[in-house]
Amino acid sequence: MPELPEVEVTRRLLRPKVVGRRIASVVCGPPSYFFLTPPKRLERSLVGEPVTALERQGKYLLMGLGEGRRLLLHLGMTGQLFIAGARSPRLVRRIERDAPAPAPDPHTHLVLEFEDGEPGLRFRDVRKFGKVRLLAPGESDSRLEKLGRDALSVDGELLFEASRRRKVPIKTLLLDQGVLAGVGNIYADEALFLAGVRPTRPAQRVTREQCDRLAQHVRAVLERSIEAGGSSISDFIAPDGRDGEFQLERRVYAREGEPCSTCGTAIRRVIIGARSSHYCPRCQK
């Protein structure tokens, strides 16, 4: 699932490709839960709009349009936002072996073309958990209003205050988007390992010093992943078709049974809140 680094990588690469251009045409797929704004309305409303900005809020992208309108974009679990012409094995649709030619990809739900004739923008999502919504001037979305502080600016004080009187595992607290906007499973596991804190430890038992250390490593892990282009473990690709490379640097995530890079102890996996969590039983207390 794309998390803060993947969304930020997408924003940084897309921004110079779309800001300053004007939308010439819009093609949407059929109505589905992917569209928070009906596709026909999007097709009518977006034509002629200038793209004025591309910002990120947590795991959401906000494309600025004319007169204060904004297009909310969320990649969901398998969303891919890319420039037309990008090439990647992750964009290839599996077709029947005997089919004479590839069929049009039914997983591309939003196509934006621009007046300058240069390659347009595509939003592809196999599982349709992504979201698109057109926001009127001054309008927000309940999903944005519920977000906590951006995880790139987290500090120990915020974690310490949020963790008091909370009996949930510290991993659960890190994944609470109302506390930290943008942290997901991969990066929570990696930050907890670097901080030496076991994911199952009750949040209220994490000390102030540990909160300081954990906040430092949350920021560091996210920033390092952005530098590496994000993680391409499953579906994520950058807008130009490249894979991220942070998955090559994982110390614990999805490494169950493999030796810890620090002490050699086998990495363990435990289920916390219906999610897999990975940790070193020796390095993390």
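Reader: In which loop is Arg22 found?
Author: This is a predicted model, in which local features need pLDDT of at least 70, side-chain atom pairs count only at pLDDT 80 or more, and totals for chains, interfaces and linings use all residues. Residues are numbered from 1 along each chain as its sequence is written, and side-chain values use heavy atoms, with hydrogens and water left out. Helices (H or I, at least four residues) and strands (E, at least two) are DSSP runs, numbered from the N terminus. In these terms, Arg22 is found in the loop between H1 and E1.

Reader: What relative accessibility does Arg22 have?
Author: A residue is buried under 20% relative accessible area, exposed over 50%, and partly exposed in between (1.4 Å probe, protein chains only). Arg22 counts as partly exposed because its relative accessibility is 38%.

Reader: Which residues does Arg22 touch, not counting those up to four places away in sequence?
Author: Contact means heavy atoms within 4.5 Å. With residues up to four places away in sequence set aside, Arg22 touches Gly48, Glu49, Pro50, Glu113, Phe114 and Glu115.

Reader: What distance separates the C-alpha atoms of Arg22 and Gly184?
Author: Arg22 and Gly184 are 162 residues apart along the chain. Their C-alpha atoms are separated by 34 Å.

Reader: Which residue of E6 is the bridge partner of Val26?
Author: E1 runs antiparallel to strand E6 (residues 108-114), and five bridges join the two. In E6, Val26 has as its bridge partner Leu112.

Reader: At what angle does H1 run to E2?
Author: H1 also lies across E2 and E3. To E2, H1 runs at about 175°.

Reader: By what angle are neighbouring strands turned in the open sheet that has the order E2-E3-E4-E8?
Author: Four strands with antiparallel pairing form this open sheet. Strand E2 (53-57) and E8 stand at its edges, each with a single partner strand, so one side of each lacks a neighbour in the sheet. On average, direction ignored, neighbouring strands are turned against each other by 20°.

Reader: Which residue of E3 is the bridge partner of Leu54?
Author: E2 pairs with strand E3 (residues 60-64) in the antiparallel sense over five bridges. In E3, the partner of Leu54 is Met63.

Reader: Which residue of E8 is the bridge partner of Leu73?
Author: Strand E4 (residues 70-74) pairs with E8 in the antiparallel sense, over five bridges. In E8, the partner of Leu73 is Val132.

Reader: How many of the five residues of strand E8 are buried?
Author: In a regular strand the side chains alternate between the two faces of the sheet. Lys131, Arg133 and Leu135 point one way from E8, Val132 and Leu134 point the other way, and all are buried. Strand E8 (residues 131-135) is largely enclosed by the rest of the structure because the number of its residues that are buried is five of the five.

Reader: What is the phi value of Lys128?
Author: Lys128 is found in the loop between E7 and E8. At 29% relative accessibility, Lys128 counts as partly exposed. Its phi is positive, in a residue other than glycine, and lies near 65°.

Reader: Is Ala274 buried or exposed?
Author: Ala274 lies in the loop between strand E11 (268-272) and E12, and its phi is positive, near 70°. Because its relative accessible area is 75%, Ala274 is exposed.

Reader: Which elements do the buried residues of H6 pack against?
Author: Helix H6 (residues 185-195) is mostly covered, with ten of its eleven residues buried. Among them are Ile186, Tyr187, Leu192 and Phe193. These buried residues pack against H1, helix H5 (170-175), helix H7 (208-227) and strand E12 (275-279).

Notes: Pairing = 2+ DSSP bridges. Axes fitted to C-alpha atoms, helices over the stretch in contact; angles between N-to-C directions.
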